[in-house]
Amino acid sequence: MYAEMKVAVIPTEVPASRREAVEKIVELTNLRPGLQVLDVACGNGELFPLYLAKGVAGITGVDYSSEKLAEGKKKFTMPEVHMIRADIRACKFDRGFDRCLLVDALPEFKDLGQLIPRLADFVKPGGRLMLAHSTGKPEQIMSAEELGKRLAPWFVVDLCTDEGMYLVSAVRNDIPVPTAVPGTDKK
């Protein structure tokens with residue numbers, strides 16, 4: 001009920017041309033009450049109302065654009081929403097997340113080899129990672145199948161397609177895999 005009230009006050013701003021695909025992506029992420037969500041490259045939080053409608057306990061959005069974050073912070077003033085200006089590859093969190101989504105922003109990350117281990121660090125064992133592009137496969141991004149293979153050390157991929165939408169969905173292994181911190185010799 002509370003989540004429904006928030007969505008009524010803050011409608012989604014996903015453009016109509018992408019809305020059906022984005023709603024499908026969020027549905028496939030299996031959000032439910034009580035989960036903690038990390039939205040990578042969240043922009044102004046356009047997907048947050050969809051998460052809140054599912055009753056999630058908290059949303060942490062990370063983006064590098066101070067302008068987009070400023071827009072989002074004006075709209076999302078509730079205590080369960082946190083928006084951070086940062087490069088996700090440099091972030092450290094004091095807890096893991098049940099769901100991590102990167103939607104419609106894959107082309108912004110030139111080196112997925114650095115990004116994937118960092119995202120793996122943020123997802124709790126048993127949590128889900130969703131990498132998606134609602135308008136199909138971006139030209140400069142590897143195939144969904146290849147991206148799925150790169151997730152293998154940390155995740156079990158359960159959905160992988162670049163037909164219609166570009167989707168790679170995976171569940172975090174229960175066995176933590178130490179990853180090197182970029183720029184250091186430490187694991």
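Searching the whole structure turns up nine salt bridges, where a salt bridge means a side-chain nitrogen of Lys or Arg within 4 Å of a carboxyl oxygen of Asp or Glu. Before you click around: this is a predicted model, with local features needing pLDDT of at least 70, side-chain atom pairs counting only at pLDDT 80 or more, and totals for chains, interfaces and linings using all residues. Residues are numbered from 1 along each chain as its sequence is written, and side-chain values use heavy atoms, leaving out hydrogens and water.

**Stop one: Arg 18 and Asp 104**

Select Asp 104 and Arg 18: they form a salt bridge, with the closest N and O atoms 2.8 Å apart. Asp 104 sits in the loop between β4 (97-103) and α5 (112-122), while Arg 18 is in helix α2 (residues 16-28), so this pair ties together parts that are 86 residues apart in sequence. Helices (H or I, at least four residues) and strands (E, at least two) are DSSP runs, numbered from the N terminus.

Is Arg 18 buried or exposed? Arg 18 counts as buried, at 17% relative accessibility; the cut-offs are under 20% relative accessible area for buried, over 50% for exposed, and partly exposed in between (1.4 Å probe, protein chains only).

**Stop two: Glu 27 and Lys 54**

Next, pick Glu 27 and Lys 54, whose side chains meet in a salt bridge at 2.7 Å, N to O. Glu 27 belongs to helix α2 and Lys 54 to the loop between α3 (48-53) and β2 (58-63), so the pair ties together parts 27 residues apart in sequence. Glu 27 is partly exposed at 48% relative accessible area, and Lys 54 is partly exposed too, at 28%.

**Stop three: Lys 124 and Asp 98**

Jump over to Lys 124 and Asp 98, a salt bridge with its closest N and O atoms 3.3 Å apart. Lys 124 is in strand β5 (residues 123-133) and Asp 98 in strand β4, so parts 26 residues apart in sequence are tied together here. Lys 124 is partly exposed, with 32% relative accessible area, whereas Asp 98 counts as buried at 13%.

**Last stop: the cysteines**

Finish by selecting Cys 42 and Cys 100. Cys 42 is buried at 6% relative accessibility, and Cys 100 is buried with a relative accessible area of 0%. How many disulfides are there? Taking a disulfide as a pair of cysteine sulfur atoms within 2.5 Å, the count is zero.
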